[in-house]
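The sequence and the coordinates are shown first.

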Amino acid sequence: MSDTFEIAKILVTEQNLEAMLPRFLSCLIDELEPADAGSVWLHDPLDDHLTVRGAQGYDLAPLKQIRLAPGEAMAGKAFQSGQAELYSTAEATAEAMADLTAEHQELFRQATTGLKQALSGVCVPLATAQKRLGALSLLNLRQPGSFTPADLTFLEHVAGLITVAIETAELREELAAVQALSDANRLKAELVSTLAHEMRTPLTSIKGYSTALLMEDVTFSPETQREFLQIIDEECDILQDLIHDLLESSIIEAGLLRLELQPVRMQLLAESVTSDMARRAPQHRFFVDFPQGFPIVDADPDRVTQILRNLLDNAVKYSPSGGLVVVRGETRQEEVVVSVADQGVGIAPEHLNRLFEKFFRAKGMLGRHVVGSGLGLPIARTIVEGHGGRIWAESRLGQGSTFYFALPRQGLSQAPRKEEAE
Ligand code: ADP
C-alpha cells in the first residue's frame, strides 16, 4: 500500500494538527476504495463532548458546529465503547446515526449537502492505554461498494499512528502555550525592572534638586533656584510620559483602543503639534512642509496628535541640539503619508524592524542615557493600524532617521476643500 508511506510521512512531518488532519484524511480516502468522506473527532474533557478537528469530503463549517455527546452517532459510539465498528450497509449506517439530535442531524445534512445517504461506514476509536482521545470515521457517500473487515483492520493500524501523532501535536501545543506564558512572564519581569530603572533616573534628579532647594544652610540665587525648578519640572514631565505610555499600552493590550474618526486637516494638526514641540525643545529647529491642497483624512485627531508627538519627541530625544526636524506630508493615490525626519544618531539596519516591538530600545548612541519606555512606537503602530494604515522607518546610522506613517485616503473627504486648494 503505497499511500501508507505517505500517511506515515504526513504524520511525522506535519507538526500542526489543523494542517495534518485534512492531509492525512485525504490520503486515507485515496487509499480505501469506498471512502469518500472522513473526519477526526476529538474529545474535550472539560465539557465532555467531541468536536471535529479535521475533515475531508464535508462542508467543514456546519460540521464544526456539531458537539457530539459520548455515545452519539458513529464517532460518539466508538469513543465511548473503545470498539472499532464496521457498518457495511446503508441501513446499519443509518441506524448508527439515528440517535443524532435533531440539531446535529440538520448540521450533518448541511455538511453533506448534495450527497446521498451514507452507504456504509467505518469508525475506530483513537485511544492510548491511558487516555481516550476521540474517534476517526470514514463514510461511503457517493459510490457503490462497501467497506470490508480488511479495511477495518487497516484503519485500526492507522488509528494507532494517528493517535501518537495527535498526542505529540497536543503536547507540542501545550509546550508552546507554557513557553508563551513563561516568555510573557519573563517579559513582564523585564518590563518592571526596565521601567523601575527608567523611572529612577528622573526621580533621582527630582529628589536631588528639591533636597538642594530645601537645604537651610545654603542660599541659592533666584536664577539658580529657577533653573533647579525648571529641571524638576522637566523631569516630572518625563516621569509622566513614562507612566502615560505604560497606561496606554495596557489599555491597548486589553483591546480598549477606541478610535473616533472625523475629518482631520493633517497640515493644521502637524503645525500645531510641531509648534508645541518647538516651544518645548528650543535647541532644535523645526520645519513643516505640506503640499497645497493636502487632502482631509478621516482619522482620530487626538490619536494622530499622539503619534506625531511621539515621533517628534523621539526626533528630539535621539538627535543632538541644533538638529533640524522636518515634518512632511505627501499624498499618494490611496493614502496620505506623514513623515518626521531628523539628523540624529540613526538606527542600525538590524534594529529598524524591531523598533515597533514592545520594550525594544536600541542601545544609546548619543553617549548619554535617554529615558524612555520602549512603548511609544508600538503604541503608535497599533493606532496607525487601527486606522487601516501603516508605519515604518528609514535610517542611516549616524545620519538621521525618518519615520513615516500612512493613513488611507478613502472615506469622507478625498477631495481637498476649496479653501485649502487655493
Ligand atoms: P522610547 O523612545 O521611549 O525608548 P519608542 O518606542 O518611542 O520608545 O522608541 C523605541 C526605540 O527606537 C528607542 O529606544 C530608540 O532606540 C529608537 N528610536 C526611536 N525613534 C528614533 C529616532 N528618531 N532616532 C533614533 N532612534 C530612534
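## Salt-bridge network

E330, R332, E335 and R390 are joined in a network of salt bridges, a salt bridge being a side-chain nitrogen of Lys or Arg within 4 Å of a carboxyl oxygen of Asp or Glu. Over the whole structure, 13 salt bridges are found.

The model is predicted: local features require pLDDT of at least 70 and side-chain atom pairs pLDDT 80 or more, whereas totals for chains, interfaces and linings use all residues. Residues are numbered from 1 along each chain as its sequence is written, and side-chain values use heavy atoms, with hydrogens and water left out.

## Individual salt bridges

D99 and K77 form a salt bridge whose closest N and O atoms are 2.8 Å apart. Because D99 sits in the loop between helix 5 (90-97) and helix 6 (102-111) while K77 belongs to helix 4 (residues 73-81), the pair ties together parts 22 residues apart in sequence. Helices are DSSP runs of H or I with at least four residues, strands are runs of E with at least two, and both are numbered from the N terminus. D99 is partly exposed at 36% relative accessible area, and K77 is partly exposed at 27%; the term covers values between buried (under 20%) and exposed (over 50%), with a 1.4 Å probe and protein chains only.

A salt bridge also links D183 to R186, with an N to O distance of 3.6 Å. These two residues are three apart in helix 7 (residues 149-214), a separation of about one helical turn. D183 has a relative accessibility of 31% and R186 one of 45%. In the pair R354 and E357, the closest N and O atoms are 3.1 Å apart; R354 is partly exposed at 38%, as is E357 at 34%.

## Ligand surroundings

The ligand is surrounded by 22 residues, each with a heavy atom within 4 Å of it. The closest are Y318, D342, R361, S373 and L377. By class, the shell holds eleven nonpolar, eight polar and three charged residues. Helix 10 (301-317), helix 11 (376-386) and strand 12 (400-408) each contribute at least two residues, and helix 10 gives the most, with four.

A polar side-chain atom of R361 lies 2.5 Å from a ligand oxygen, and an N or O atom in the side chain of Y318 is 2.8 Å from one. A polar backbone atom of G374 is 3.2 Å from a ligand oxygen. The protein covers 97% of the 530 Å² of accessible area that the ligand has on its own, by the Shrake-Rupley method with a 1.4 Å probe.

Definitions and conventions: A polar contact is a pair of N or O atoms within 3.5 Å; within protein, one must be able to donate a hydrogen and the other to accept it, and residues adjacent in sequence count only if both atoms are side-chain atoms. Ala, Val, Leu, Ile, Met, Phe, Trp, Tyr, Cys and Pro count as nonpolar, Asp, Glu, Lys and Arg as charged, and the others, Gly among them, as polar.
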